[in-house]
Amino acid sequence: MTHSVVFVHGTGVRADSYLKTLEAVERGLRTAAPGAGVHGCFWGEAMGADLTLGGASIPDHLPREADRAERAEVAAWAVLHRDPWHELRLLALRTPPEPARGFSRAEPPSAVFERRITGYRPGPELAAALRGRGLEEHFGAALDELRHSPELRDAAATADRDGDEHRRAAARGLLAATLARARRAGLDVPDGTARDHLMALLASELETDSRSLTGAAKKFLAAPFLHALTWQGRRTRDGRNDPALQAAGDILRYQARGQGVRDLIRQHVDHAPGDSVTLVAHSLGGVACVDLLMRERLPKVDRLITVGSQAPFFHELGALVSLAPGEPPTAHFTRRWLNVYDPRDLLSFRAATVFPDHAHDVRVDNGQPFPLSHSAYWSNPQVWEAVRTWLA
């Protein structure tokens with residue numbers, strides 16, 4: 001039986017820190033759950049907090065615009081190398097366009113987009129460029145993977161008549177999947193300039209452009225997720241992101257508009273290979289998983305593991321969106337919930353005392369003061385021993 005683990009990160013996480021944390025989780029799970037496939041659910045980019053008015057509410061705000069676009073593009077490719085269909089997955093969460101009124105023989109936009117991608121073959125110039133870099137075979141395998149991916153099918157449902165954003169996401173994912181395959185085969189990955197040349201050729205053939213998604217999708221898919229809450233709050237600050245404000249912003253945004261995060265987690269569960277899925281979630285990711293499992297029955301999810309999470313505290317405060325204070329958990333809510341906490345981590349809480357018939361607590365010591373204790377779980381052997389025992 002194939003088993004998958006879906007990792008859901010916590011508050012304040014963006015591209016660079018997400019990739020490092022995912023690597024640490026993968027290392028730990030190689031011993032705690034050997035043979036399980038690990039899949040990351042990266043919501044911080046698209047659904048994390050952003051200053052939509054550029055920091056207009058913050059006194060003495062000094063926005064730093066220099067090299068934002070370049071940093072966003074590099075970070076976006078870093079995510080795509082790990083999860084090539086990430087942008088397609090996010091597009092699938094958009095509201096489908098209104099169907100044509102009255103009788104129409106026109107092909108639906110979803111069918112047009114899907115046919116365009118599944119029927120695509122590289123033209124002579126791109127084929128030669130791929131061949132010259134030893135990428136032709138890897139491109140063909142990535143294209144076949146894209147054609148049969150559930151992410152393509154799900155994204156097609158939200159394509160509009162123009163379809164440009166969807167073709168662009170498919171093209172970027174296709175190239176990222178190609179380069180990821182080449183890297184695993186031991187080939188040297190092209191530098192940014194060579195990658196952009198290949199991307200320009202591919203985008204031209206699919207009649208789109210090669211940039212990150214912009215326009216109407218920019219807030220949802222592109223730069224804001226890579227530098228949410230980037231500002232110099234006052235002149236005395238050094239221009240780096242303020243982690244506390246970024247983390248608080250994510251929590252507030254989730255409480256107000258958290259459905260998108262839960263939808264993305266469900267999508268990852270649905271697409272995860274195998275018969276069963278264990279959710280491993282940190283911090284606010286644990287809150288989102290509890291909310292999702294409390295509201296919906298997900299038969300594939302066999303276990304929930306929360307680490308440094310606030311879900312029990314939110315419920316005690318009456319702030320857990322899926323369950324009113326004093327109400328018992330829903331009948332289908334999991335009874336196989338491991339909750340790991342560190343008393344030094346002021347953002348971690350006990351769950352077994354709040355959900356006694358559902359949760360099992362394990363106390364660990366990360367050996368760090370707060371706030372370092374909140375992000376130190378993944379290098380603590382106590383955590384992985386608890387996970388290994390629970391999964392066994």
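Reader: Which residues of helix α6 are buried?
Author: This is a predicted model. In α6, which spans residues 124-132, the buried residues are L126, A127, A129 and L130.

Reader: Why are they on the same side of α6?
Author: Around the helix axis they cover an arc of only 165°, so they sit on the same side of α6.

Reader: And which exposed residues does the face turned away carry?
Author: That face of α6 carries P124, E125 and G132.

Reader: What do the buried ones pack against?
Author: The buried residues of α6 pack against α7 (136-147) and α10 (192-205).

Reader: What about G134, what is its phi?
Author: G134 follows α6, and its phi is positive, near 70°.

Reader: Switching to the sheet. In what order do the strands come?
Author: The order is β2-β1-β3-β4-β5-β6. These 6 strands form an open sheet with parallel pairing. The edge strands are β2 (37-41) and β6, each of which pairs on one side only. From one strand to the next, the twist averages 20°.

Reader: Over how many bridges do β4 and β5 pair?
Author: They pair over 4 bridges, in the parallel sense.

Reader: Which strands does α14 lie across?
Author: Helix α14 (residues 284-295) lies across β1, β3, β4 and β5, and runs at about 140° to β3. Another helix, α1, lies across β1 (3-8) and β2, at about 155° to β2.

Reader: Ok, α16 next. Which of its residues are buried?
Author: α16 covers residues 381-391, and V383, W384, A386, V387 and L391 are buried there. Down the axis of α16 they fall within an arc of 155°, so they line one face of the helix. They pack against the helix α1 (15-32) and the strands β3 (276-282), β4 (301-307), β5 (337-341) and β6 (359-363).

Reader: What caps the N-terminal end of α16?
Author: N380 does: one of its side-chain oxygens lies 2.9 Å from the backbone nitrogen of Q382.

Reader: Last one, D83. Where is it?
Author: D83 is in the loop between α3 (68-82) and α4 (86-91).

Reader: Buried or exposed?
Author: D83 counts as buried, because its relative accessibility is 13% and the cut-off for buried is under 20%.

Reader: What is D83 in contact with?
Author: Setting aside neighbours within four places in sequence, D83 is in contact with G40, R89 and H268.

Notes: Residues numbered from 1 in each chain as written. Predicted model: local features only at pLDDT ≥ 70, side-chain atom pairs only at ≥ 80, totals over all residues. Heavy atoms only, no water. Buried < 20%, exposed > 50% of the residue type's maximum accessible area, 1.4 Å probe, protein only. Helix = DSSP H or I, 4+ residues; strand = E, 2+ residues; numbered from the N terminus. Arc of directions from axis to C-beta. Contact = heavy atoms within 4.5 Å. Polar contact = N/O pair within 3.5 Å; in protein donor to acceptor, adjacent residues only side chain to side chain. Pairing = 2+ DSSP bridges. Axes fitted to C-alpha atoms, helices over the stretch in contact; angles between N-to-C directions.
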